[in-house]
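Keep the viewer open as you read.

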Amino acid sequence: MTFISLQFLVFFMVVTLWYFRLKNQKGRIWLLLIASCYFYMSFIPEYILILGGTIVVDYFAGIQIEKSEGPSRRMWLILSIIANAGTLAVFKYYNFFIDNIHTGAHFFGKPLSLPLLQMALPIGLSFHTFQAMSYTIEVYRKNQPAERNFVVYALYVMFYPQLVAGPIERPQNVLPQLKEFRPYNWDNVKEGLARMLWGFFKKAVIADRLAMIVERTYGHTIETSSLALFAGAVFYSFQIYCDFSGYSDIALGAARVMNIKLMENFKQPYLATGMADFWSRWHISLSSWFRDYLYIPMGGNRKGEWRRKFNVLVVFLLSGLWHGANWTFVIWGLLHGLLVIILTRKLPARTKGKLYKAASVVVTFVLVTFLWIFFRSENIHVACDYIRQIFAFRTGSNYIGLNRAEIAFAVLMIAVMMYREKYMPAFLISNNKVFYLFVAFMVIVCYYLGVFVENQFIYFQF
Amino acid sequence: MMKKIFRDFFILFGLFTLWASTSRVAMQYVVNRRDVNTWWGSYQCLHGDLISMSYLDFVPVFRNAPVNIPPTRDPIGPKNTALYLYGDSYSWTVKKTDFPSIADFYFFNRDLPMRYHLDSTKRNVLILEISERMLRDVFQDSRIMNNVKDTLPRSRNRYAALFELKSLFNPLINQNLQCNLFNYNFIMPMFETKAALNYYLFNRASGDVVISDDRQFLFLRTTVSRTSTASSYIPIPDEDIDRLADTINKVYDHLIAAGFDEVYLAAIPNCATIMQPAGYNGLIPRLYNNPKLRIATIDAYTTFKNTTDVLYYHGDTHWNMEGERIWTNIVSDQLARGAMRYKQTSADTTTIHKP
């Protein structure tokens, strides 16, 4: 069940109304857990067993970590991390690993034929395993008491708005909210619904429209002109932003309607003035996860400049690998890491004028756009070829999948989106009449101008 | 008080709609009971499934023209074949009379398990008919063979079928919801306005439908997309074709062991494969010519590619009556050739596996 589907709209209506009908928190937790199970099982029902397995392990590990001291406390944490990382390794990275062994063996003239795993990747696996790990790590660090109520813990991992594509939450933020009875609040409902509609707009009107351009340019590299290929790359930057942040808006909005506040995942990343700044604005829940649970424990910037650079590279390498079992993601992560290292230096105050800032925004955006090419391509060869064709400065077909009217419309919608997020970031509309008008307007815009195709959210695959 | 009544009404309405859109029996009931001629009746586009998906009924070129069908052919060869056709929507309309040389004909919809009982006095032939867009998905593993069982169907309790747990996760739920919530004549102007906006302003079709480069045909988006396994244009590495052949071989061995005398694979090309061949990934010919593949094949692709006739509807995913006729003739010829060999080899009590 994707957020952009009739099934989700009916499901959301039923769950939310029922949620407010219940007068005690126990009932609400059960309702949300059952609803979340249904939500997850609507993709591939059997995969709930994998998720259930890790939930059981982490639940008991959390309690044992809290009860124990010394080496056994550490052992339970390691067990939990192995269970989660092991699940990821088997379902996400096993085939990648075997494929590379095959390639290596073939290179040395000794072909091998090891068995491959013949099953699809469980949807959102990287998200909920990371969220589960953040729980056991926080319990280990004594920042969070172990959750004794299994249903509450299971809901923490499975809460449907953020189950398959984040934000990757922290137990300190979500668990208390799940346990507390939160009464109906009309302002929260309005704020949540307005945010959901904004998310639908970004996904259906912008991202899925740009997807047609991107699919065309990436599918017809040879006959397309350099300029059109560059345009395709730029549009992909906006596609992935509107797709992923649109998902996050719907997730945060759906939770907000139920009076639950999830962490923000984006902060206008394309207005970043440097690569490090970009990562403090893009997929914040993942960046902060790596910062808190990997970068800082590795020593962060406390052990000298070279060690800091090494730590940054390791974090970005793993961040790339987190996104997918493909060398394109590894290269994408490494290049980001290198650029963060190279471009992070303190500049004298006089260089920080408006013009400098504007130039920094443009340069950062262009760099990010070129790196997205690795993210979007099926393999490194395709990515390098795409970049090579851009710099060939050659003529060719300028057709990028949409007619001129629709390209102009897409650019206008991007401008509207950027303007609104920069200058009108709040979602709460106090005046009821204005709110109803906004809802009616957004529904009409989303329906008539939305592109409703069977496009999954890009980040579902992770 | 009114708020509470409304709230409870919407909860019940939502639950009922979700249930009705997942239950096969309930959907069948809903569709059969609708009066299509009233303002609240369901939208019935008779010009093709893609026209109906994109609401492009107002564009004459996409409407399906009637096709004259030549009369049925005379029987060829001995009539001792029981034909089991395990197929999809392409072969829904195929009838026994389309195959003059067969004694018995059984069609099984691939969306459902195939429950059969072989007649050992006949030559039992199974055709796995599968549209090109489904080929890679269906044979990504050998699960299909678990759906083919030599057993008579169990009688199902009609009321139990209404509440099957498995149907809760019906993959067609969104289409069914669309049908139950919006597919009414009085809402059609809203959909048609959007279709007209996209067609006249943006020069394209709505939803999962794409207009061909020559603007004569409608294609299902997944069959032309570069990211879908259903696509005619997505590049396919040789290893994937090898893997596909291996899986099909596994299914083939299972079905032969289950008692079928012959098993054929019949892949039906996508409309885009034939009507817009530039950039075709060659899935069917590459699979059919793969040296690893052991199953016998029914090759409609080569015939379709070489004919100048239009074999597909302009506004539908399927072949037209002429395309179906050509295919049934290819099957009949192949069955007749196989029957000759079967007659000889059964006299020697040898089973042939690859005619």
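Domain bounds here come from an automatic or database domain assignment. With that in mind, chain A is divided into domain 1, residues 14-181, and domain 2, which is made of 187-274 and 344-461. Please remember throughout that this is a predicted model.

Start with the overall picture. Chain A contains 17 helices and 0 strands. Its C-alpha trace spans about 65 × 65 × 55 Å along the principal axes. How does the radius of gyration of chain A agree with that of a compact globule? For 462 residues, a compact globule would have a value near 23 Å, and chain A has 23 Å, so the two agree.

Now return to the two domains. The C-alpha centres of domain 1 and domain 2 of chain A lie 29 Å apart. Where they touch, 14 residues come from domain 1 of chain A and 16 residues from domain 2 of chain A. On the domain 1 side of this contact, the elements giving two or more residues are H1 and helix H7 (171-179) of chain A. That side divides into 7 nonpolar, 6 polar and 1 charged residues.

Next, zoom in on a pair of helices. Two packed helices are described by the angle between their axes and the distance between the axes. For helix H2 (residues 25-41) and helix H6 (residues 150-158) of chain A, the angle is about 40° and the axes are 9 Å apart. Are these helices parallel or oblique to each other? Angles under 35 degrees count as roughly parallel and 65 to 115 as roughly perpendicular, and H2(A) and H6(A) are therefore oblique to each other. The crossing of H2(A) past H6(A) is left-handed.

Which residues make this contact? From H2(A) come Ile29(A), Trp30(A), Leu32(A), Leu33(A), Ser36(A), Cys37(A) and Tyr40(A), and they meet Val151(A), Val152(A), Ala154(A), Leu155(A) and Met158(A) of H6(A). By class, the contact of H2(A) with H6(A) has 11 nonpolar residues, 1 polar residue and no charged ones.

Finally, step out to the partner chain. The contact between the chains takes 25 residues from chain A and 25 residues from chain B. On the chain A side, helix H1 (6-21), helix H8 (186-219) and helix H16 (404-423) are the elements that give two or more residues. Which of them gives the most? H1(A) does, with 9 residues. The side of chain A that touches chain B has 15 nonpolar, 6 polar and 4 charged residues.

Notes. Residues numbered from 1 in each chain as written. Chains lettered and ligands numbered in written order. Predicted model: local features only at pLDDT ≥ 70, side-chain atom pairs only at ≥ 80, totals over all residues. Contact = placed C-beta atoms within 7 Å. Helix = DSSP H or I, 4+ residues; strand = E, 2+ residues; numbered from the N terminus. Nonpolar A, V, L, I, M, F, W, Y, C, P; charged D, E, K, R; others polar. Axes fitted to C-alpha atoms, helices over the stretch in contact; angles between N-to-C directions. Parallel < 35°, antiparallel > 145°, perpendicular 65-115°, else oblique. Left-handed = near helix turned anticlockwise from the far one by under 90°. Rg over C-alpha atoms; globule rule 2.2 N^0.38 Å.
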